[in-house]
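Let's take a friendly walk through a protein model together. Keep the picture open beside the text and find each part as we come to it.

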Amino acid sequence: MTNRLPAVLPAVVAAVLATGGCTPTTAPGPTAPGPTTAGYDKVLLVAEENHSYREIVGDARAPYLTELARTYGNASRLQAGYPSRCPSLAAYILLTSGTTAGICDDRGPGAHPLTGDSIFHQVAATGRGWRAYAESSPGTCALDNSADGRYLVRHVPSTYYVDDRADCARWTVPLGTPSAGALHDDVAAGRLPAFGFVTPDACHDMHGAPACPGAGVRAGDDWLRSWLAQVLAGPDYRSMRLVVIITWDEGSGADNHVPTLVISPTTHRVTAPGPYTHCSTLRSVAVVLHVAPLGCAATAPSMVSAFHL
């Protein structure tokens, strides 16, 4: 039986350039977030790992993601927006705070206790909740990698912001499985938070790890299919409250042109070249959630209008 995507309802210009360091810069651009045109008030952001655009969209190993890109929204020229020599952690901090905080390594929260503002803090300050759903996490707000090597703390940015540790202890939770656990239950009950950050483990993040020999793009594509089928059939999405964004931390090698897909009931077969960066992703999240865009997001082009949000 063929799996079909749920039906959708029919309905700038400053690139972030990497400097020699690990702090992104943006040319002057728009400063006001601007409203959305629909009633969206929730975002679910899924972060995959270490593949360039050409390795996902149109690749035979990623048929589901390719279908999503053609059916919903495809930011076809998005650059990660930080130096390719810097590993994953810089991207996760950039996506959630608008700066890399000068980080250019993958050490844990003990080595990088961050005190600046973040999207997590912003959402909590408005009285709303957030969740970081971390697959294979050994517990809530786990600050170290798991013994089996599947949970990698460097892919869970909420653990780095020390001023929000109390919320982290409540809201950075083990993801569970497609049949049980935190994300499954929140999707099914229509109680997804205002902001959700989803971190697949080393078996499903497409990067692979010694703990998961043979894991790669196909495994991640299948994993996303199992989850997105539920999310797009869930109450939050069907009531036109939820926007889903799937992105990659960085590309492969020196190519930081990464796939980024925007999925909503009002986004139908849109390809938008931008140019965009992770700063644009954070700005778009800020627009949907009605909070001020942080750091580089303040001057990055938003994707909201292009994808009819």
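Predicted model: local features only at pLDDT ≥ 70, side-chain atom pairs only at ≥ 80, totals over all residues.

Residues are numbered from 1 along each chain as its sequence is written, and side-chain values use heavy atoms, with hydrogens and water left out. Helices (H or I, at least four residues) and strands (E, at least two) are DSSP runs, numbered from the N terminus.

Two strands pair if DSSP finds at least two bridges between them. For a pair to look at in detail, take strand 8 and strand 9 (residues 260-263), which pair in the antiparallel sense over four bridges. Here I246 has L261 in strand 9 as its bridge partner.

Contact means heavy atoms within 4.5 Å. Axes are lines fitted to C-alpha atoms, for helices over the stretch in contact, and angles run from 0 to 180 degrees between N-to-C directions.

Two packed helices are described by the angle between their axes and the distance between the axes. The axes of helix 1 (residues 63-71) and helix 6 (residues 217-233) come within 7 Å and cross at roughly 55 degrees. That makes helix 1 oblique to helix 6; angles under 35 degrees count as roughly parallel, over 145 as roughly antiparallel, 65 to 115 as roughly perpendicular and the rest as oblique. Helix 1 brings P63, Y64 and L65 to the contact, while helix 6 brings R218, D221, L224, R225, L228 and A229.

What lines the largest cavity? On a 1 Å grid over the protein atoms alone, a cavity is a set of points where a 1.4 Å probe fits but cannot get out, and lining residues have an atom within 4 Å of a point. The residues are V43, V243, I245, V262, S284, V285, V288, M303, F307 and L309. The largest share, three residues, comes from helix 8. By class, this lining has nine nonpolar, one polar and no charged residues. Ala, Val, Leu, Ile, Met, Phe, Trp, Tyr, Cys and Pro count as nonpolar, Asp, Glu, Lys and Arg as charged, and the others, Gly among them, as polar.

The second largest cavity is lined by L44, V46, L183, V198, W223, L224, W227, L228 and V231. Helix 6 gives the most to this lining, with five residues. The lining divides into nine nonpolar, no polar and no charged residues.

Finally, turn to the backbone. Most residues other than glycine have a negative phi, and most peptide bonds are trans. R269, in the loop between strand 9 and strand 10, is not a glycine, yet has a positive phi of about 55 degrees. The peptide bond from G274 to P275 is cis, with omega near 15 degrees. You can find P275 in the loop between strand 10 and helix 8.

Key:
1 Å grid on protein atoms, 1.4 Å probe; cavity = no way out; pocket = protein on both sides within 12 Å on 5 of 7 lines; lining within 4 Å.
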